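Trainee: Could we go through this model together, setting each value against its definition before we conclude anything?

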Amino acid sequence: MNSLLNWIDQRTGAKKLLHEALFENVPGGARWRYVWGSTLVFCFTVQVITGLFLWLAYSPGSQTAWESVYYIQHVMAGGWFLRGLHHFTAQAMTVLLLLHLLQVVVDGAYKAPREVNYWTGVLLLVLVLALSLTGYLLPWDQKGYWATKVATNIAAITPLIGPALQKLVVGGADYGHHTLTRFFALHAGVIPGAIIAFIGLHVYLFRKHGLTAKEPRRRRDEPFWPRQVLCDAVACLAVLAVVLTLVVMNHGAPLGAPADPSEQFSAARPEWYFLFLFQFLKYFPGGTEVWGAIVIPTVLLLLVAALPVLGRWNFGHRFNLGFLGAMLAGVALLTYLAVAEDRSKPEYATALKVADFEAERVLALAEAPTGIPTAGAVTLLRADPLVQGPKLFARNCASCHRFDGHDGLGGQPKDKQSASDLKGFASRDWLMNLLDPAKVDSAAYFGGSEHKDGEMVKWVKKNIPTFNASSKEQLRQALMALSAEAGLKAQKDADARDAAIITAGAKILPGDDLGCIECHTIQGHSDGGEAPDLTGYGSRKWLTAFIGNPKHESFYGPRNDRMPAFGADGRLTAEEIGLLVDWLRGEWYVEPQAQR
């Protein structure tokens, strides 16, 4: 073994290099304050290794990026762990960079002759932030897509070169496949290569000038090995322990719903270390954004880079400490204000809730027997009633109707409710409450409409209280039969169980005992009334036709109360009406895929 080691040393000088690395003089002895540089190199090494393994399964395409990340996170053995390690180590690097910068400035390690070493450190800080920014887009989910779009829009306001710079970064006039491939090239190639080069230069200059000890020195000097190596190793293990804890707690890294340029995502926010800039831009409205986005941040960055020059004054070091402390306090305050402001906004809370729901929903759809189509996972959400139905309801129906008291998305519309609450429409419970004298003219039914004083409300309030036990039982059976006309999935088992009762109720409905056909038409039976035809009531066909044109003679005709003819007037496409109908009826359940 010694012969082999000697052979290697004769040809490479490995022993001398190792000796210089391990036995460098540490002024004042080993200290915990010196560990930050080593932890940063450790984190970057973890990033490179995990990034290379992620690269093996990642496909940078607008129709494949999210899908490949989904595969890594939910299918590939250990993929969630690998992705989480990469994600949270990147977060840790930002914190460690800040601590390292503070240690360097506090110790005065930026002073001559270490200015160039300090500047390489500042460049590394910028490069690591750029690495985080470019990596944010790669999962191609809603959060990353829209946050990156906001960030690249900032580039467009750069004086003189703004539009050209944005086009260069985006890869064209709009965001898409080329944007993703360019960010991937930057994240996986250009920026890591630059970081490696500057780390090499940074370490070389650090070795050349040695450690800068905090004066006065309370202990004697000692070599780097073994105590400082031990401190560095313990610090690296502590960072790894924190990262692993976060990975296990979150089961990897978060993955939102697939990016959809057609769906505005108001819950998009940059990562926490960019929140201060997001908040700062709010104070520069109109045409003043360039000051908040470009001018002031650039000036502050130049001042940070100029600390070695400013430190030459008599009170320069104190000024530098005060300036850096004030800047970090401002960053912390802006970050706090951004978080506090979001927490106080009901709209943001609703958007965040919707985003979390869609992220979970797309997983259920992807695990269905049909899997992810070749057109991409985003088509699963676009064609899903459970996702699109609430959005269509909120945009088109919630100005009058409610769904379980809200707008379908969990928010509260500004307009006062003037039509029925459609949660559970055509179900047994919904119909029983409709014919409850205490509820028929409430806000949940006809209370806010012009039909509040109509024949239906009058009939319910006048007749239902007089029903005896036999009439109430007939009404119950008739309503069960009417609800069965809808064929709701939620009542499939109950309808099958109560088939005999439903058959009896179907005979009662068009009869004379309850008098329904005095106003309604049921299975062709009618006494000439003008109320809506209840044949197939609540079914997909019936509800589609009703939403398409409630003014049709089969429904309300000229007595229609303000409800638009969404289909006849072209307000909604047939596909959109179908999604809305299927959501209202609960036609959105998908069978999960068999155990893998």
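Mentor: Let us begin with a definition: helices (H or I, at least four residues) and strands (E, at least two) are DSSP runs, numbered from the N terminus. Asp-421 is found in the loop between helix H17 (385-396) and helix H18 (428-434). This is a predicted model, in which local features need pLDDT of at least 70 and side-chain atom pairs count only at pLDDT 80 or more, while totals for chains, interfaces and linings use all residues. Residues are numbered from 1 along each chain as its sequence is written, and side-chain values use heavy atoms, with hydrogens and water left out.

Trainee: Why is the pair of Phe-280 and Phe-284 called edge-to-face?

Mentor: Rings of Phe, Tyr and Trp (its six-membered ring) pair if their centres lie within 6.5 Å, and planes under 30 degrees apart count as stacked, over 60 as edge-to-face and the rest as tilted. Phe-280 and Phe-284 are 5.0 Å centre to centre with 65° between the planes, therefore the pair is edge-to-face.

Trainee: How do you know whether Phe-280 is buried or exposed?

Mentor: Buried means under 20% relative accessible area, exposed over 50% and partly exposed in between (1.4 Å probe, protein chains only). Phe-280 has 18%, so it is buried, and Phe-284, with 16%, is buried as well.
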